[in-house]
Amino acid sequence: MSLLFLAFVTELSLPLVTVKPVNSGEHKLMWHFLDSHDRALMMRLQTLPNPHYWQRSARLFSLSGDGAGYLVFALLMASFDGVSGRQFLWSGLASFAIELPLYWLLKNGLKRNRPCHAVLGIAAIVQPHDKFSLPSGHSAAAFVFATLLTWYWPPLAPIVYLWAGLVGCSRVILGVHYLGDVVAGAALGYWAAKLGIYWLN
């Protein structure tokens with residue numbers, strides 16, 4: 001994330017130039033390029049050795065990213081960890097108040113079909129909660145949670161971001177998301193958490 005911020009700052013420091021607007025044809029070309037790479041990756045995943053092992057592990061990571069656990073954890077932290085725990089709870093509520101409406105608008109605005117519905121030979125290993133794919137809600141929620149934990153308890157950063165990444169990857173292995181959905185969800189969750197923290201601080 002810091003590299004992205006550095007690139008953004010560097011770009012701002014460059015002289016202003018006239019940028020050619022991207023027309024609808026170029027948008028479609030970029031979307032087709034990204035979509036084709038996502039679909040190719042999904043097909044490669046079908047050739048993984050020992051698929052039952054990967055699918056079983058993916059189920060566990062996906063389950064760990066289901067929504068109810070976040071609230072239970074935050075309430076426990078608020079009860080037993082004093083000021084930091086209460087700040088974590090309120091920051092979490094603020095972050096999800098930002099993330100969830102954006103997630104809903106993007107998913108129902110972009111209307112990207114899930115790989116299990118759009119790519120021949122891809123089957124969903126779990127039942128998806130809704131019809132559309134982009135962004136990944138599990139990835140967004142996991143990165144909200146990981147970013148909040150990292151803010152209040154920095155030593156946890158390597159563990160929780162690894163866990164959040166594995167939650168996202170599990171959704172790809174389970175056939176319900178493309179990698180692009182996971183990246184978009186991770187970015188949404190990260191910045192929603194940052195805004196939620198900023199809001200309360």
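Glu 99 lies in helix H5. Helices here are DSSP runs of H or I with at least four residues, strands are runs of E with at least two, and both are numbered from the N terminus. Glu 99 is buried yet has no salt bridge. Buried means under 20% relative accessible area, exposed means over 50%, and partly exposed is in between, with a 1.4 Å probe and protein chains only. A salt bridge needs a side-chain nitrogen of Lys or Arg within 4 Å of a carboxyl oxygen of Asp or Glu. The nearest side chain of opposite charge to Glu 99 is Lys 107, 8.9 Å away. For charge, Lys and Arg count as positive and Asp and Glu as negative, while His and the chain ends are not counted.

Which residues does Glu 99 touch, not counting residues up to four places away in sequence? They are Ala 140, Val 144, Leu 188 and Ala 192. Contact means heavy atoms within 4.5 Å.

## The model and the whole chain

This is a predicted model, where local features need pLDDT of at least 70, side-chain atom pairs count only at pLDDT 80 or more, and totals for chains, interfaces and linings use all residues. Residues are numbered from 1 along each chain as its sequence is written, and side-chain values use heavy atoms, with hydrogens and water left out.

The chain has nine helices and zero strands. From the N terminus on, its elements run α-α-α-α-α-α-α-α-α. Of the 201 residues in the chain, 38% are buried. Take the contacts between residues at least 6 apart in sequence: 76% of them join residues at least 24 apart. The accessible surface of the chain is about 12400 Å². Carbon and sulfur atoms hold 72% of that surface. Accessible areas come from the Shrake-Rupley method with a 1.4 Å probe, and for residues only the protein chains shown count as cover.

## Helix H9

H9 has 22 residues. From first C-alpha to last, H9 reaches 32 Å, close to the 32 Å expected at 1.5 Å a residue. The expected span is 1.5 Å times one less than the number of residues.

An α-helix has 3.6 residues a turn, so residues three or four places apart point the same way.

## Salt bridges

The count comes to four salt bridges. In one of them, Arg 112 pairs with Asp 38, with the closest N and O atoms 3.0 Å apart. Arg 112 is in the loop between H5 and helix H6 (115-118) and Asp 38 is in helix H2 (residues 24-45), so the pair ties together parts 74 residues apart in sequence. Arg 112 is buried, at 7% relative accessible area. Asp 38 is buried too, at 9%.

Asp 181 also forms a salt bridge with Arg 112, and here the closest N and O atoms are 2.9 Å apart. This pair links helix H9 to the loop between H5 and H6, 69 residues apart. Asp 181 is buried, at 0% relative accessible area.

Arg 114 and Asp 130 meet in a salt bridge of 2.6 Å, N to O. Arg 114 sits in the loop between H5 and H6, and Asp 130 in the loop between H6 and helix H7 (137-152), 16 residues apart. Salt bridges that share partners join Asp 38, Arg 112 and Asp 181 into one network. Arg 114 is buried at 2% relative accessibility, whereas Asp 130 is partly exposed at 29%.

## A nonpolar surface patch

Leu 71, Leu 75, Trp 90, Leu 93, Trp 199 and Leu 200 form a nonpolar patch on the surface. Together they have about 670 Å² of accessible area. Helix H4 (68-80), helix H5 (82-110) and helix H9 (179-200) each give two or more residues to the patch. Patch residues have over 30% relative accessible area and no salt bridge; nonpolar side chains (Val, Leu, Ile, Met, Phe, Trp, Tyr) are joined within 5 Å, and like charges within 9 Å.

## Backbone exceptions

Most residues other than glycine have a negative phi, and most peptide bonds are trans. Lys 111 has a positive phi, near 55 degrees. Lys 111 is in the loop between H5 and H6 and is exposed, at 51% relative accessibility.

A cis peptide bond joins Leu 134 and Pro 135, with omega about 0 degrees. Pro 135 lies in the loop between H6 and H7.
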